[in-house]
Amino acid sequence: QLELVESGGGLVQPGASLRLSCATSGFTLDHYAIGWFRLAPGAERETLSCMETDGGQIYYPRGVKGRFTMSRDNAKDWVYLQIDNLKSEDTGIYYCAADPGELCRSVVRGQGYGMDFWGKGTLVTVVS
């Protein structure tokens with residue numbers, strides 16, 4: 001059974017850093033594009049990053065790269081999202097999602113509606 005489980009969220013102060021984790025199981029990660037997405041209060045879902053199949057190129061939407069860094073542990077088939085210099089507007093639920101057919105160059109231009117498999121999310125709250 002395909003499963004994505006996010007962790008690492010929490011309550012943090014502005015300027016802090018967090019590393020979110022996405023544990024994958026039940027599928028061959030190399031065969032899937034996988035990405036990170038955020039749902040902030042009152043906002044539409046936003047794509048933060050996407051890694052191509054075979055742990056290939058990582059794409060970031062314009063304006064996102066810089067504070068957000070996606071990576072992968074090949075041995076564990078986990079993916080991570082490092083968020084630096086957290087701001088109040090980073091508050092939201094962070095999801096990882098995977099799909100065998102999506103191309104990341106398209107994913108980062110949208111809101112991830114083509115991604116078929118989603119975790120339940122991890123909440124990040126940034127408050128002073």
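Predicted model: local features only at pLDDT ≥ 70, side-chain atom pairs only at ≥ 80, totals over all residues.
Student: How many salt bridges does the count come to?

Tutor: A salt bridge here needs a side-chain nitrogen of Lys or Arg within 4 Å of a carboxyl oxygen of Asp or Glu. One of the pairs is R38 with E46, at 2.7 Å from N to O. By this rule the count comes to 5.

Student: Which side chain meets D90 in a salt bridge?

Tutor: The N to O distance of this pair is 2.7 Å, and the partner of D90 is R67. The pair links distant parts of the chain, 23 residues apart: D90 is in the loop between strand 8 (78-83) and strand 9 (92-99), and R67 is in the loop between strand 6 (58-59) and strand 7 (68-73). D90 is buried at 1% relative accessible area, and R67 is buried at 19%. The residue asked for is R67.

Student: Which residues are linked with R38 and E46 in a network of salt bridges?

Tutor: R38 and E46 meet in a salt bridge, and so do D90 and R67. These pairs belong to one network. The residues linked with R38 and E46 are R67 and D90.

Student: What is the N to O distance in the salt bridge of R72 and D77?

Tutor: R72 counts as buried at 17% relative accessibility, whereas D77 is partly exposed with a relative accessible area of 21%. Their side chains meet in a salt bridge, with N to O at 3.3 Å.

Student: How far apart in space are S88 and S128, C-alpha to C-alpha?

Tutor: S88 is placed in the loop between strand 8 and strand 9. At 47% relative accessibility, S88 counts as partly exposed. S88 and S128 are 40 residues apart in sequence, and their C-alpha to C-alpha distance is 8.3 Å.

Student: Why does E6 have no salt bridge with K120?

Tutor: E6 is in strand 1 (residues 3-7) and is buried. A salt bridge requires the nitrogen and the carboxyl oxygen to be within 4 Å.

Student: Which backbone nitrogen lies 2.8 Å from a polar atom of the E6 side chain?

Tutor: The E6 side chain reaches the backbone nitrogen of K120 at 3.1 Å. Beyond its neighbours within four places in sequence, E6 is in contact with residues including W36, Y94, K120 and G121. The backbone nitrogen at 2.8 Å is that of G121.

Student: Which residue in strand 3 stands opposite E6?

Tutor: Strand 1 and strand 3 run antiparallel and are joined by 5 bridges. Strand 3 (residues 18-25) has 6 of its 8 residues buried, so strand 3 is largely enclosed by the rest of the structure. The residue opposite E6 is C22.

Student: Which residue in strand 8 stands opposite A23?

Tutor: Strand 3 is joined to strand 8 by 6 bridges, and the two run antiparallel. In this pairing, A23 stands opposite W78.

Methods:
Residues numbered from 1 in each chain as written. Heavy atoms only, no water. Helix = DSSP H or I, 4+ residues; strand = E, 2+ residues; numbered from the N terminus. Buried < 20%, exposed > 50% of the residue type's maximum accessible area, 1.4 Å probe, protein only. Lys, Arg positive; Asp, Glu negative; His and termini not counted. Polar contact = N/O pair within 3.5 Å; in protein donor to acceptor, adjacent residues only side chain to side chain. Contact = heavy atoms within 4.5 Å. Pairing = 2+ DSSP bridges.
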